[in-house]
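Please open the structure in a viewer and keep the sequence beside it.

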Amino acid sequence: MNLSKQITRRAIFGVVLVSMLGVACLEAQQQPPQPPPAPSTIDGRKMPLRLMLTLGLKAVTKEDYAFIDMVVLKVDEGVLPRALVNSTFLWARERANRESPTMALRPIVYFRPATLTAAKQLGIKL
């Protein structure tokens, strides 16, 4: 093969490689911000449900704490499935982040009605 053809092929390959890297970098920059990870562990140990809900949902009012206490009690009694609480918890955090990426909206605003609706559909009175 001729030397000029080799140089041309290498130049084309280099241009294609650089453009592929540029596209990959742009895609990485355009990803929406990810919500902070759920606070499920403390120093490698499992976090109690009440603490996880209180911190993760940004509870601040007496009503927030009362609702969380009721949810934890129903989970401990085996009335409310823990999987339902976990999935609603994660959904509420993601929803709050989507609506307000700075997390100005507290996830409990979404968690409370979603949990009440899901429990009602299962025939559980909260």
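Begin with the whole chain. Among contacts (heavy atoms within 4.5 Å) between residues at least 6 apart in sequence, 55% join residues at least 24 apart. The model is predicted: local features need pLDDT of at least 70, side-chain atom pairs count only at pLDDT 80 or more, and totals for chains, interfaces and linings use all residues. Residues are numbered from 1 along each chain as its sequence is written, and side-chain values use heavy atoms, with hydrogens and water left out.

Colour by secondary structure. The protein has five helices and two strands, where helices (H or I, at least four residues) and strands (E, at least two) are DSSP runs numbered from the N terminus. Along the sequence they follow the pattern α-β-β-α-α-α-α. Of the 126 residues, 28% count as buried; buried means under 20% relative accessible area, exposed over 50%, and partly exposed in between (1.4 Å probe, protein chains only).

**Helix α3**

Select residues 62-77, which form α3. This helix has 16 residues and reaches 22 Å from its first C-alpha to its last, close to the 22 Å expected at 1.5 Å a residue; the expected span is 1.5 Å times one less than the number of residues. Next, highlight D64, F67, I68, V71, V72, K74 and V75, the buried residues of α3. They cover an arc of only 160 degrees around the axis, which puts them on the same side of α3; the arc is that of the directions from the helix axis to the C-beta atoms. What covers these buried residues includes α2, α4 and α5. Turn the view to the face of α3 directed away from its buried side, where the exposed residues K62 and D76 are carried. Just after α3, G78 takes a positive phi of about 85 degrees.

**The nonpolar core**

Now select L49, L53, L57, V71, L80, V85 and F111. Of the 23 residues in the largest nonpolar core, these touch the most other members. A nonpolar core is a set of buried Ala, Val, Leu, Ile, Met, Phe, Trp, Tyr and Cys residues joined through side-chain atoms within 4.5 Å. The helices α2 (49-56), α3, α4 (82-99) and α5 each supply at least two residues of this core. Centre on L49: leaving aside neighbours within four places in sequence, L49 is in contact with V72, V75, R82 and V85.

**T115 in helix α5**

Move to T115, which is located in helix α5 (residues 108-121). Is T115 buried or exposed? With a relative accessible area of 1%, T115 is buried. A polar atom of the T115 side chain lies 2.7 Å from the backbone oxygen of F111. Apart from neighbours within four places in sequence, T115 is in contact with F67, V71, L80, T88 and L126.

**Charged pairs**

Side chains of opposite charge can pair when their charged atoms come close. How many salt bridges does the structure hold? It holds five, a salt bridge being a side-chain nitrogen of Lys or Arg within 4 Å of a carboxyl oxygen of Asp or Glu.

Select D69 and R50 to see one of them, with the closest N and O atoms 2.5 Å apart. D69 lies in helix α3 and R50 in helix α2, so the pair ties together parts that are 19 residues apart in sequence. D69 is partly exposed at 34% relative accessible area, and R50 is partly exposed at 36%.

Select R112 and D64 next; their closest N and O atoms are 3.5 Å apart. R112 lies in helix α5 and D64 in helix α3, so this pair ties together parts that are 48 residues apart in sequence. R112 is partly exposed at 25% relative accessibility, whereas D64 is buried at 4%.

Then select E99 and R95, a salt bridge whose closest N and O atoms are 3.3 Å apart. Both residues lie in helix α4, four residues apart, about one turn of the helix.

**A loop residue**

Finish at K58, in the loop between α2 and α3. Most residues other than glycine have a negative phi. The phi of K58 is near 55 degrees, a positive value in a residue other than glycine. At 33% relative accessibility, K58 counts as partly exposed.

Methods
A polar contact is a pair of N or O atoms within 3.5 Å; within protein, one must be able to donate a hydrogen and the other to accept it, and residues adjacent in sequence count only if both atoms are side-chain atoms.
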